[in-house]
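Open the model in your viewer and keep the sequence panel beside it. The stops below say what to select next and what is there.

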Amino acid sequence: MQKIIKITIIFLLIFILGIFFLSLNKSSNYNTESLVGNKLSEIELVSFEDDSIFTNDDFKKNSFTLINFWASWCAPCRIEHPQLMELSKENNIKILGVNFKDKKINALKFLKDLGDPYEYLTRDSNGKQSVNFGIYGIPESILIDNKLTIIKKFVGPLTKQDLNNIIEVINNL
Amino acid sequence: MLSNTGNFLLILSILFTSFIIYQSFACLKKTNDMIFKSIYKISLLQSTTILICFFTLVGAFMVSDFSLINVYQNSHTLKPIFYKISGTWGNHEGSLLLWVIILTIFSFLFLITNKNHPKNYRINTLIIQNILILGFLFFILFNSNPFSSISPIPKEGLGLNPILQDPALAIHPPLLYVGFVGSSIYFSAAMASVITNYSGKFFAQSIKSWVIISWSFQTLGILVGSIWAYYELGWGGFWFWDPVENASLLPWFAMTALLHSLLVLEKRNILYFWSIILCLLTFTLSVTGTFLVRSGILNSVHTFANDPSRGIYILLFLSLMIFASVYILFTKYKPTNDQINSNSKETFILINNWFMMFYLITVLLGTLYPIFTDAISNNKISVGPPFYNSVIIPVVIIFLFFMAIGPKVRWIKNKFLNFKDLLKIIVGAIAVNFIITYFFKSYSLISNLIIISSVFLIISTISDAIKKPKINFARIISHFSFGFLIFFIGLNHNFSIEKDFNLKLGETKKIDNYNFELKDLKLQQYDNYKAVIGKIQINDLSTNKKRTLNPEIRIYDNPQTLTYEASIKTNFFRDYYLTMSNIDRSDYYNIKFQEKPLMIWIWISVVMLSFGGFLSFIRNAKNN
């Protein structure tokens with residue numbers, strides 16, 4: 001009897017610890033760094049201005065596209081905005097803005113005040129589209145090439161150093 | 001510079017700790033009953049080094065040394081000095097350093113205060129405690145180093161999360177840590193006790209003070225966290241059965257059970273292995289809680305940043321701890337034939353333990369179940385208050401009755417139970433319940449029972465205090481305030497009023513017995529935030545008494561965040577609780593108003609509960 005109790009306790013403990021371990025790996029799914037090198041399969045984003053849709057083909061003609069997820073209510077987005085303005089001056093890259101869970105009027109005011117770096121502006125009012133890109137907080141940015149391969153992923157506001165990295169990547173190829 | 005100093009002190013601490021372990025093993029080989037003087041000296045050095053290391057980090061926060069990543073990420077030059085200091089432990093890395101401080105200081109104090117216990121037992125405790133310390137020091141140095149430097153040095157820091165900039169939260173972690181990290185010492189002592197066969201009464205005496213002190217601090221820590229949630233999170237509640245709150249409650253249940261079973265061990269020399277299991281369980285649950293909140297499995301304000309490597313380390317550490325304790329228990333366990341009479345204090349204390357285990361298992365299941373379903377079936381569910389309330393509340397009623405009767409019963413064998421007295425008390429409790437129902441309004445059956453059982457406990461404890469010639473004040477106060485706590489929670493829950501409406505400047509709205517008027521809005525600039533402060537006048541039409549509340553909408557600069565500060569007017573009878581939030585593109589403000597009766601008494605009850613613990617600590621120290 002005692003042996004059975006002992007074995008049961010050990011199995012129970014292994015089970016609990018095993019689940020903890022599994023959950024840990026699960027939460028690392030959020031670590032979107034692992035997406036680098038993957039291809040974006042299907043892009044379907046609704047334009048900010050009307051209901052037209054941007055798809056894969058729209059981005060294949062650019063050498064590079066930076067997909068930037070932002071919102072007017074997000075303070076770090078304001079911090080990274082000068083970097084985006086700077087980047088929009090580069091020739092090799094176009095910036096696709098995804099306005100995340102935002103109000104149109106606030107978003108437009110944000111762009112009016114701080115400048116509009118976006119070649120394409122789309123909206124994701126309920127945040128569902130962004131989930132497909134592995135986004136769980138904003139700001140985040142994804143750099144893709146013309147084959148829609150993810151080259152780099154930036155979690156949090158883009159810094160000056162990130163900006164230099166991007167410029168280096170797009171001018172080297 | 002501070003980065004080097006900090007790292008040097010960390011490495012020095014590792015060396016001291018390793019040396020203590022080495023010397024302790026050498027000391028075990030000697031047959032005499034003396035502990036090497038060097039062990040005392042190095043232990044003192046070890047504690048001092050860790051303290052200096054911690055104060056180096058505090059210093060870095062005070063002078064805003066952004067060459068440290070930790071300071072850069074969690075501080076800002078404009079932050080008030082008080083929050084610069086509390087920012088030291090308001091993040092994962094810094095708080096781990098606080099962990100190690102408590103591990104070390106407790107280790108040192110246990111060594112110097114238990115001189116009348118055998119050498120082998122003390123040395124083994126020291127070895128195990130120092131292995132724990134070593135594990136955490138390595139974790140800090142290689143995985144969560146608060147002294148990692150950043151180059152080029154940023155000019156400004158990112159700031160501390162504004163909702164953490166709060167006096168209650170500044171003291172919440174240290175209090176809670178003394179509680180659950182403090183439990184490490186009786187984890188080590190329990191292991192040492194089993195290894196060296198130092199069991200029974202004397203073992204109980206050697207750890208009793210440590211259990212009481214950690215229990216008292218844990219109680220205060222939970223209280224302060226709860227008060228913070230009450231006024232900061234803006235929901236008006238004080239306990240949400242959030243997994244993170246549960247993580248602090250689980251070790252509390254185990255500690256409470258241990259506190260009581262130690263009484264039996266001390267008096268009757270029985271329940272030894274059960275007490276050992278509780279010692280091991282308490283600290284294991286503490287580390288499990290830390291794992292759950294730090295690994296990012298659970299999301300909450302305590303999840304500082306997601307870093308799976310951190311989780312793996314704590315999980316590995318936890319697994320080692322669990323299997324080492326299980327191994328030692330299994331190999332050393334001897335079945336005992338404890339004779340317990342069913343009508344004796346021992347039985348009632350055992351019943352207390354069963355109840356505590358029931359609460360523990362319920363809360364543990366509720367906390368882990370969503371994690372399990374997510375891992376096994378990808379099914380995301382959440383277990384909320386309805387589960388806990390419906391499982392725990394009915395059981396609390398029975399528990400309170402046992403809690404009232406238990407202390408009246410004698411050790412070994414009780415002659416008879418004075419049913420006449422008990423009957424008087426229960427009639428009194430029912431009468432109090434009727435008065436409450438009469439003056440307020442009727443409420444559910446379960447609430448009636450909660451009030452009756454808690455009043456039963458209160459009256460019964462008071463009658464104990466009056467009748468018995470030699471009374472244990474610590475016990476009286478703790479039991480009495482626990483009855484009070486449940487009583488006030490019951491009343492508060494039943495008679496709270498909540499209103500939700502929109503108001504614009506100058507407008508007056510009448511709801512039930514109240515008139516609300518938004519009289520003024522002003523913008524005020526503070527050091528690290530600006531605030532929109534509302535002036536809302538509440539006129540109680542039944543008494544014609546006017547009260548002004550000033551809720552705030554705060555806009556913090558670093559990091560830029562919006563928070564809503566509740567305005568709370570407290571008196572001995574009720575709290576008026578009001579929050580205000582702006583509505584986009586509108587002149588209206590959303591107002592949430594709550595009237596919460598006897599709120600302050602819930603806090604007072606918990607303070608008294610832990611005061612009972614401190615009294616017991618002093619009493620125990622005097623006796624020994």
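F419(B) lies in helix 15 (residues 419-439) of chain B.

**Conventions and confidence**

This is a predicted model, in which local features need pLDDT of at least 70 and side-chain atom pairs count only at pLDDT 80 or more, while totals for chains, interfaces and linings use all residues. Residues are numbered from 1 along each chain as its sequence is written, and chains are lettered from A and ligands numbered from 1 in the order in which they are written. Helices (H or I, at least four residues) and strands (E, at least two) are DSSP runs, numbered from the N terminus.

Colour by pLDDT, the predictor's confidence in each residue from 0 to 100. Chain B averages 89, and 95% of its residues score at least 70. Chain A averages 82, with 87% of the residues at 70 or above. Within chain A, the lowest element mean, 70, belongs to helix 5 (residues 128-132), and the highest, 91, to strand 3 (residues 64-70). Where pLDDT is low, the predicted coordinates should not be read in detail. For the model as a whole, ipTM is 0.82 and pTM is 0.80.

**Chain A**

Six helices and seven strands make it up, in the order α-β-β-α-β-α-β-α-β-α-β-β-α along the sequence. Of its 173 residues, 31% are buried. Contacts here are pairs of residues whose C-beta atoms, placed from the backbone, lie within 7 Å. Among chain A contacts between residues at least 6 apart in sequence, 75% join residues at least 24 apart.

Next select strand 6 (residues 140-145) and strand 7 (residues 150-155) of chain A, which pair in the antiparallel sense over five bridges. Pairing requires that DSSP finds at least two bridges between the strands. I144(A) has I150(A) in strand 7 as its bridge partner. The two strands form a hairpin with four residues between them, and L148(A) in the turn has a positive phi of about 65°.

**The cores**

A nonpolar core is a set of buried Ala, Val, Leu, Ile, Met, Phe, Trp, Tyr and Cys residues joined through C-beta atoms within 7 Å. The largest has 143 residues, and V100(B), V211(B) and A254(B) have the most contacts inside it. Helix 9 (residues 201-232) of chain B gives the most to this core, 16 residues. Centre on V211(B): beyond its neighbours within four places in sequence, V211(B) is in contact with Y186(B), M255(B), L258(B), L259(B) and L262(B). A second, separate core has 28 residues, including L45(A), Y118(A), I138(A) and F154(A).

**Helices and loops of chain B**

Select helix 14 (residues 385-405) of chain B. Its 21 residues should span 30 Å at 1.5 Å a residue, and the end C-alpha atoms are 29 Å apart, which agrees. The expected span is 1.5 Å times one less than the number of residues. Helix 14 has a kink of about 25° centred on V396(B); the bend at a residue is the angle between axes fitted to the seven residues ending there and the seven starting there. F399(B), L400(B), M403(B) and A404(B) of helix 14 are buried. The buried residues of helix 14 pack against helix 13 (345-377), helix 16 (445-467) and helix 17 (473-495) of chain B.

Move to helix 11 (residues 272-294) of chain B, where 20 of the 23 residues are buried. Just after helix 11, G296(B) takes a positive phi of about 90°.

Now look at the loop between helix 10 (243-268) and helix 11 of chain B, which holds N269(B). Phi of N269(B) is near 60°, a positive value in a residue other than glycine. N269(B) counts as partly exposed because it has 16 C-beta neighbours inside 10 Å.

**Last stop**

Finish at strand 4 (residues 529-540) and strand 5 (residues 545-549) of chain B, which run antiparallel and are joined by five bridges. D540(B) stands opposite K545(B) in strand 5.

Technical notes. A residue is buried if 20 or more other C-beta atoms lie within 10 Å of its own, exposed if 12 or fewer, and partly exposed in between; C-beta atoms are placed from the backbone. Two residues are in contact if their C-beta atoms, placed from the backbone, lie within 7 Å.
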